[in-house]
Protein chains: 2
Amino acid sequence: MSISMSSASLPIFITMLRNLNHFLDKAQQFVDTKKCDPTALTQFRLAPDMLPLARQVIIACDAAKNAVARITGNPAPKFEDTETTIPELKERIQKTLDYLATVPASALDGTEEKEVTFPVGRDSTRTMKAESYLKHWALPNLFFHVTTTYAILRHNGVELGKADFLGGGVA
Amino acid sequence: MSISMSSASLPIFITMLRNLNHFLDKAQQFVDTKKCDPTALTQFRLAPDMLPLARQVIIACDAAKNAVARITGNPAPKFEDTETTIPELKERIQKTLDYLATVPASALDGTEEKEVTFPVGRDSTRTMKAESYLKHWALPNLFFHVTTTYAILRHNGVELGKADFLGGGVA
């Protein structure tokens, strides 16, 4: 059976967001053990002009949420982007997973050729066919922000490894 | 038209390896401008127990090469993993792109249910169906190592942005 739009999106989004949630569990353990200020992690940036960890998590969630909403043509729930703590970020991931669970495969399947228009930067939009948008925009964005979160945590000494990245510690 | 195994793999692998090559062009410009030791970048690690940039690039290449070889069942060309300089790493990427160009879509298409066995760690193997292997192993690995390369370069001040990540500077 060939790959459908739903099977090329939902399982990958869900797996990577669960793994991201698992990274944050390990980050919380790190904070508890070291008794350090948790914002030292959530506000950490790998470069002054990169986004801090909290924004990386929020954007990873939105990469999945917005992809599904744009491809299906149904508006996604709007979140306020106010999360700053590890528990708040975990809640954001859960809300995103809850939303993804409401989307039936049938709303995504068959949309390969559908045109998707989305904002790029502050004042422009881009239009791509849904299949290209998924493969060359949504998935790379999701992986970018999940990996950058992982990199920030690893750089700060949080105990994570490739098994955590690929399978939330159970790969 | 639904998504095929070839269209879910080759275009993504090729795009991301070209973007990775573009990161290295910007890294070379950085080294030339700063007149710094290029190994300061190629040997840089985000954490003492993470791999340095040179290995991130090599493994990104191998994520694509090995995925295609394992799914098609045809052995891939073996490379010696001796690359340490930016020009050598760019050559590794080009050799990988050259290999991918030899693989016909027909060798990948229809393999969704085929079992793929691959090494995990030093002394074990894992078996997954090709479709799952692509979505949950090969693609995450490719994106992980491309993003980590990007993160190392950004952390060191190389001028890169999201457009470079998504589209090699032409997104």
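This is a predicted model: local features need pLDDT of at least 70, side-chain atom pairs count only at pLDDT 80 or more; totals for chains, interfaces and linings use all residues.
**Where the chains meet**

Between them, chain B and chain A bury about 3300 Å², and 66% of this area is on carbon and sulfur atoms. On chain B 35 residues are in contact with 35 residues of chain A. The count of residue pairs in polar contact between chain B and chain A, both at pLDDT 80 or more, is 13. On the side of chain B that touches chain A, the elements giving two or more residues are α1, α6 (130–155) and α7 (162–167) of chain B, and α6(B) provides the largest share, 15 residues. The residues of that side divide into 18 nonpolar, 10 polar and 7 charged. Between chain B and chain A there are 2 salt bridges, one of which joins the side chains of Arg154(A) and Asp49(B).

**Salt bridges**

| Pair | N to O distance |
|---|---|
| Arg154(A) and Asp49(B) | 2.8 Å |
| Lys65(A) and Asp62(A) | 3.8 Å |
| Lys129(A) and Glu113(A) | 3.0 Å |
| Asp62(B) and Arg92(B) | 2.9 Å |

Lys65(A) and Asp62(A) both lie in helix α3 (residues 53–72) of chain A, 3 residues apart, which is about one turn of the helix. Lys65(A) counts as buried at 6% relative accessibility, and Asp62(A) counts as buried at 16%.

Lys129(A) is partly exposed, with a relative accessible area of 40%, and Glu113(A) is partly exposed at 47% relative accessibility.

In chain B, Asp62(B) forms a salt bridge with Arg92(B). Asp62(B) lies in helix α3 (residues 53–72) and Arg92(B) in helix α4 (residues 86–101) of chain B, so the pair ties together parts that are 30 residues apart in sequence. Arg92(B) counts as buried at 0% relative accessibility.

**Local features of chain B**

Ser9(B), placed in the segment before α1 (10–34) of chain B, counts as buried at 2% relative accessibility. Its side chain reaches the backbone oxygen of Met5(B) at 2.7 Å.

Strands β1 (residues 115–120) and β2 (residues 124–129) of chain B pair in the antiparallel sense over 6 bridges, with Glu115(B) standing opposite Lys129(B).

How values were computed. Residues are numbered from 1 along each chain as its sequence is written. Chains are lettered from A and ligands numbered from 1 in the order in which they are written. Side-chain values use heavy atoms; hydrogens and water are left out. Helices (H or I, at least four residues) and strands (E, at least two) are DSSP runs, numbered from the N terminus. Buried means under 20% relative accessible area, exposed over 50%, partly exposed in between (1.4 Å probe, protein chains only). A polar contact is a pair of N or O atoms within 3.5 Å; within protein, one must be able to donate a hydrogen and the other to accept it, and residues adjacent in sequence count only if both atoms are side-chain atoms. Two strands pair if DSSP finds at least two bridges between them. Contact means heavy atoms within 4.5 Å. Buried area is the accessible area (1.4 Å probe) that two parts lose on being put together, summed over both. A salt bridge is a side-chain nitrogen of Lys or Arg within 4 Å of a carboxyl oxygen of Asp or Glu. Ala, Val, Leu, Ile, Met, Phe, Trp, Tyr, Cys and Pro count as nonpolar, Asp, Glu, Lys and Arg as charged, and the others, Gly among them, as polar.
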